[in-house]
Amino acid sequence: MSKGVVLITGASAGLGAEMARQFAALGYDLALCARRTEPLERLREAIPERHVSVRALDVTDDDAVFRVFGEFAAEFGRIDRIVVNAGLGKGAPLGTGRWDANRETAMVNFVGALAQTEAALRIFREQGRGHLVLISSMSALRGMRKSMTTYAATKAGVAAIAEGVRSERIPGVDVSVIFPGYIRSEMNARVQQRTRFMVDTPAGVRSMVEAIEKRRAKAYVPAWPWVPIGAAMRVLPLSVVRKMV
């Protein structure tokens, strides 16, 4: 018996892959997509107890986003939850000649998230129900410096999308935005292990999945230490925030 169908983008590695494993353990069937299909196939083989469907998807290809989401909905008959997770961590200080990296991050993290949200809400409006989950970042709470500037701005935009959709109060549709702190993933694999407050992937994702299951409108995860840090980040001077994250 399936608890429902969860669609996760960027599911080939890191937080997306671990969310897939944990949602499967809770009894959900899975619709998984990412640019790389080989890891998705391995993930499907590792979850034989659930119906897992995989497809290739580049979230910067608008037509593909609508097509793939629609194919998943047709295959399963419904999609109960869509997790807008696909993201990119490239970046460089503005004005240093790496416009290409900053633009790519903006297109994947914000424009891609916008396309996914559009496609998700088409499905949910037609169904009359659904749970939209957008993965932001603690860096979205304030402007970040140097190579984090563009990334943080895109994640702030993702949070604003979530709040705007939630404010619309679409009948039957719940909206959650998740702000992960330092959770070990493929994106930050080069960051030194001694980074303060870094937690391993399963533990960090467990806190994400718990918040998603509760359909929290907004969640800083893991709650400790990111709830108090998040509250402080919103009011402290940038000179102090710079030293915190």
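Count Lys and Arg as positive and Asp and Glu as negative, leaving out His and the chain ends. On that basis, this predicted model carries 35 positive and 24 negative side chains, and the centres of the two sets sit 10 Å apart.

Now step back to the overall fold. The chain is built from eight helices and seven strands. Its radius of gyration is 17 Å, close to the 18 Å that the globule rule gives for 245 residues, so the chain is as compact as a globular protein of that length. Along its principal axes, the C-alpha trace spans about 50 × 40 × 35 Å. Of the 245 residues, 51% are buried. If you look at contacts with a separation of 6 or more, 64% of them link residues 24 or more positions apart.

Next, some backbone details. Most residues other than glycine have a negative phi, and most peptide bonds are trans. Go to the loop between strand E7 (218–221) and helix H7 (223–233), where you'll find Pro222. A cis peptide bond joins Val221 to Pro222, with omega at about -15°. Another cis bond joins Trp224 and Pro225, with omega at about 10°, and Pro225 lies in helix H7.

Arg169, in the loop between helix H5 (149–168) and strand E6 (173–180), has a positive phi near 55°. Arg169 is exposed, at 70% relative accessible area. Arg215 also has a positive phi, about 55°, and is found in the loop between helix H6 (201–213) and E7. With 38% relative accessibility, Arg215 counts as partly exposed.

How values were computed: Residues numbered from 1 in each chain as written. Predicted model: local features only at pLDDT ≥ 70, side-chain atom pairs only at ≥ 80, totals over all residues. Heavy atoms only, no water. Helix = DSSP H or I, 4+ residues; strand = E, 2+ residues; numbered from the N terminus. Rg over C-alpha atoms; globule rule 2.2 N^0.38 Å. Buried < 20%, exposed > 50% of the residue type's maximum accessible area, 1.4 Å probe, protein only. Contact = heavy atoms within 4.5 Å. Charge placed at Lys NZ, Arg CZ, Asp CG, Glu CD.
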